[in-house]
Amino acid sequence: PAETVHVPLGDRAYDIVIGPGVLHDAGRRIAAVAPGAACAIVTDENVARVHLPALSASLAAAGVRATPVVVPPGEASKSYAMFETVCDAIIAARMERGDLVVALGGGVVGDLAGFAAASVRRGMRFVQIPTSLLAQVDSSVGGKTGINSPHGKNLVGAFHQPRLVLADTAALDTLPPREFRAGYAEVAKYGLIDDPAFFAWLEENHRAVFAGGAARVAAIRASCAAKAAVVVRDEREDGDRALLNLGHTFAHAFERITRYDGARLVHGEAVAIGLVCAFAFSARLGLASGQDASRVAGHLRTVGLPTAIRDIPGWDAGAAAILDAMAQDKKVRRGALTFILANGIGRSFVARDVDAAAVRAFLDDAL
Ligand code: NAD
Ligand code: ZN
């Protein structure tokens, strides 16, 4: 049985449909939001192998003309070159403005396909079928699309909301376990931001979430609802949406220092360590209790995520290097850093003028 989270964005409102097997029903649901439209299905080689046949069959059964556009897997595909390839493939497939771009895959495919959808013919209709846990709970919701520049990640893109998001929770069964765990860090993040009951529920039910079934659907539904609520309050990210960056000032520094080498550290793993740091730092500042900080680290460790900087393979950077990496992040102004800190589990807030010396002292102890 599928559940629906509605995202009430006025004339761009859309539904997120979550449940095991919704992929097999995609043709009917897509035809319902875009009657008569054809589809360009953007996907990557890994996902095409395991899930494209079911999507193609479902679209064919619904009488929808579909053309697959398959890109290599991995962050490197969020490039100018691949953007050009995808846009041209959509045009070559004779897609008109009213037709659909469908992203079938993780966040890489969603960001790339979404930016192509925003650009080809000045904006085509867009459907997300996220197949990684991270994409189901984070990147497919909110309308941010884009690619990387040689100068940094996600520097070129557009806001482009999907018409529909189909999150097939059973499609996650083929995801490598490491990728599932990484996405789970973002799920836990929603509890830590403002929903202590959800975090406590995860502490009790994480095994069932990993196993699949109703608990997984419930965790993804709660995460999508949390992200959707923030997006609706702050679609263009000028205020509230910053809370979604809990743990991310630290995480982005760790990813930068490990050169975005997924073999060493994937985003969700960096977020897990970042969440632990955000709570340990909050405890050190006397904001959160040491007990809450231990609960955060304990839970993430229990599910198999890294929770300390020394857990990162080959780590050799000191506090100064981490602060340097943070200073290259956009949220820095003259020696003061913006962090999301917390007064406890589910009680996070934006702290605008965090003293770099306090961060340095914290990191010196943490290393
Ligand atoms: P990803 O898209 O690279 O997917 C991870 C790996 O899993 C890939 O190798 C992929 O081929 C494989 N995969 C995906 N689904 C699978 C499945 N069901 N079965 C087997 N293999 C599968 O990475 P990701 O973690 O999904 O997304 C990361 C990207 O998302 C980053 O580029 C990040 O910038 C972006 N992102 C965007 C937003 C946003 O708001 N737009 C938010 C967060 C992250
Ligand atoms: Zn993240």
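Two residues are in contact if their C-beta atoms, placed from the backbone, lie within 7 Å. By that rule, Ala319, Ile322 and Leu323 of helix 12 meet Ala356, Val359, Arg360, Leu363 and Asp364 of helix 13; helices (H or I, at least four residues) and strands (E, at least two) are DSSP runs, numbered from the N terminus. The model is predicted: local features need pLDDT of at least 70 and side-chain atom pairs pLDDT 80 or more, while totals for chains, interfaces and linings use all residues. Residues are numbered from 1 along each chain as its sequence is written, and chains are lettered from A and ligands numbered from 1 in the order in which they are written.

## Helix 12 and helix 13

The contact of helix 12 with helix 13 comprises six nonpolar, no polar and two charged residues. Here Ala, Val, Leu, Ile, Met, Phe, Trp, Tyr, Cys and Pro are nonpolar, Asp, Glu, Lys and Arg are charged, and the others, Gly among them, are polar.

Axes are fitted to C-alpha atoms, for helices over the stretch in contact, and angles run from 0 to 180 degrees between N-to-C directions. Helix 12 and helix 13 cross in a right-handed sense (near helix turned clockwise from the far one by less than a right angle; anticlockwise is left-handed).

## Helix 10 and helix 11

Helix 10 (residues 267-284) packs on helix 11 (residues 290-302) at about 170°, and the axes are 8 Å apart. The two helices are therefore roughly antiparallel. Helix 10 brings Ala272, Leu275, Val276, Phe279, Ala280 and Ala283 to the contact, and helix 11 brings Gly290, Asp292, Ala293, Val296, Ala297 and Leu300. By class, these are ten nonpolar, one polar and one charged.

## Helix 1 and helix 2

The axis of helix 1 (residues 26-33) comes within 7 Å of that of helix 2, and the two cross at roughly 55°. Helix 1 is therefore oblique to helix 2, and the crossing is right-handed. On the helix 1 side, Ala26, Gly27 and Ile30 meet Leu55, Ser58, Leu59 and Ala61 of helix 2. Five of the contact residues are nonpolar, two are polar and none is charged.

## Ligand 1

There are 30 residues around ligand 1, and Asn46, Gly106, Gly107, Ser132 and Ser139 come nearest (a residue is near if its C-beta atom, placed from the backbone, lies within 6 Å). Helix 2 (45-61), helix 4 (107-119), helix 5 (133-139) and strand 8 (152-159) each give two or more residues to this shell. The shell has ten nonpolar, twelve polar and eight charged residues.

## Domains

The chain divides into domain 1 (3-174) and domain 2 (177-366), with bounds that come from an automatic or database domain assignment. The C-alpha centres of the two domains are 27 Å apart.

Between them, 23 residues of domain 1 touch 23 residues of domain 2. Strand 1 (3-7), strand 2 (14-19) and helix 5 each give two or more residues to the domain 1 side. Helix 5 gives the most, with five residues. This side has 14 nonpolar, five polar and four charged residues.

Key
Parallel < 35°, antiparallel > 145°, perpendicular 65-115°, else oblique.
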